[in-house]
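Open the model in your viewer and keep the sequence panel beside it. This tour goes stop by stop, with something to select at each.

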Amino acid sequence: MGLVDLGPLVSLTGLSVDVLGPGLALLSSYVLALPFAMLPSAAAKNAFSVATSGLIFMALFNVHGLVQLLTLSGACYFVSIRFRSSSRMPIFVLVLSMAVLGMNHLNAQFFQDELSPRFDQTVPMMVAVQKMATCAWSIHDGTKSDKKLSKTQQSLKISTVPSILQYLGFIFFYPAFILGPSFHFNTYNDFVNNSGQFSLAAGSAVLPGRWVYFSKTVTIGLVCVVIHMFASPILMYDFGLTDAFLGYSFIERCAYLLASALVQQCQFFSAWKLAEGACILCGFGFNGLDAKNAGAYKWDRCENVRIWEIELAENPRMFLSAWNVQTALWLRSAVYLRLAPESLPDQTLEETREAKANASFATHATFLVSAFWHGFYPGFYLTFITLSFLVSANRISRKWIRPLFHNPESKLHSFLSVYHVVGWAVTCIGMNYATVGMQMKRFNSAMILWGRIYFSVHVALVALILLDIVLGALGRSKKVVGTDKTAGKTTKTE
């Protein structure tokens, strides 16, 4: 329970703590934008973020949680600086921060009342863990030569050791502290020092497009709030567990779950868009000149969701790249690319092949880390395991099916537009099917609900994987036969 009792506001407005908590946090971020912009130095801005975010945390959650987060931040800072040359340091920081986050997830899952708010101290801690992990990798990369780093890692590496105040200012940056998004230390440091790309925006609140983009972003967020508030009581996943749901046909059940998923998405859309609005308002959303529009500026640095790209995605990878964007980038930079690194100029052919061979393992490992980061409800793991197989199925589809339509010489090339439409429909169904586990949380509930639509997507995934195995085996056998025939001809010639 936080220092501020939200009970009277809950009674007055009729809104739940899960709505009021984030709402008040975002409102405070909007209010703090003006005094933050007036601060004279980077040190003052760092201290301001630590102080205001600490107060907001105590108001919404508790003092113990703040002490825990400060202690974890200090420990990760010490390890990152003291052992910056060690390749194991970033892994240790990730494991340590995830372990503390995991203890908080377990506490919320097993030692709090089932009806307790889902909006608790684990939410800002999840964002902090992302920052600690990426900062640890950037500090370690700062000890390497550019030849050993990809272009992205070169741009993000931290060559100069930051002070503890800079580090805490980065972790506790007030507009992104509670709900995110995550970002890299170099970006934040440039912002508070009005350097780098932010030198164009120094002290300026009149750059073209800022207020237009801010207004559009906040409007989208508020529209999503309204949609979720009015539609969620009508379209609920829990209804799928009732006997009344069994009276629907298979198509009706699928349609109901699809509509429920779209409504639940609005809850995330609203939080991410309103949080993005806070970052735009303080100036952190500035993203340089717009190459497509001469003289215009971009304000999408903190964009965490691209709604139209999600709703029109033609494959799982397109969907995931537009959903919780900054978290996806964190998982890619801190987990996936560390297991399956990008090609480097001086890399040997064997190292390149090894990285490619690790791609499948890296995908599954990344989804497991993401599931752990979200918590320990069995449904989370069901969702992320299903998502990992959806991504693998997409690779199989691109390998065997896509060439049939994209090859100009193929007889099916004239149906390319149909292929894209079918890809969109399959992606929409598959991705929203996978989120059942995330929404239901409990293993039995997810299995019952999936069972009522006959585990249709899981069956299709297994069928596609088996098809890949069969076609792969047939392809290898043909190569062997062709090789034998060639060898026979050579022998006769001799």
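Start by selecting Gln 326, which lies in helix 14 (residues 325-339); helices here are DSSP runs of H or I, at least four residues, numbered from the N terminus. This is a predicted model: local features need pLDDT of at least 70, side-chain atom pairs count only at pLDDT 80 or more, and totals for chains, interfaces and linings use all residues. Residues are numbered from 1 along each chain as its sequence is written, and side-chain values use heavy atoms, with hydrogens and water left out.

Gln 326 is buried, at 13% relative accessible area (buried is under 20%, exposed over 50%, partly exposed in between, with a 1.4 Å probe and protein chains only). Show its contacts, meaning heavy atoms within 4.5 Å. Beyond residues up to four places away in sequence, they include Gln 130, Pro 181, Arg 301 and Glu 303.

Next, select Cys 224 in helix 10 (residues 210-231). Cys 224 is buried too, with a relative accessible area of 7%. Its C-alpha atom is 5.1 Å from that of Ser 270, 46 residues apart along the chain. Setting aside neighbours within four places in sequence, Cys 224 touches Cys 266, Phe 269, Ser 270 and Ile 307.

Now colour helix 6 (residues 122-141). How many of its 20 residues are buried? The count is 20 of 20.

Finish with helix 4 (residues 63-82) and helix 5 (residues 89-110). Their axes, lines fitted to C-alpha atoms over the stretch in contact, come within 9 Å and cross at roughly 170°, with angles running from 0 to 180 degrees between N-to-C directions. Among the residues that meet there are Leu 72 and Val 79 in helix 4, and Phe 92 and Leu 96 in helix 5.

Methods: Helix = DSSP H or I, 4+ residues; strand = E, 2+ residues; numbered from the N terminus. Expected span 1.5 Å × (residues − 1).
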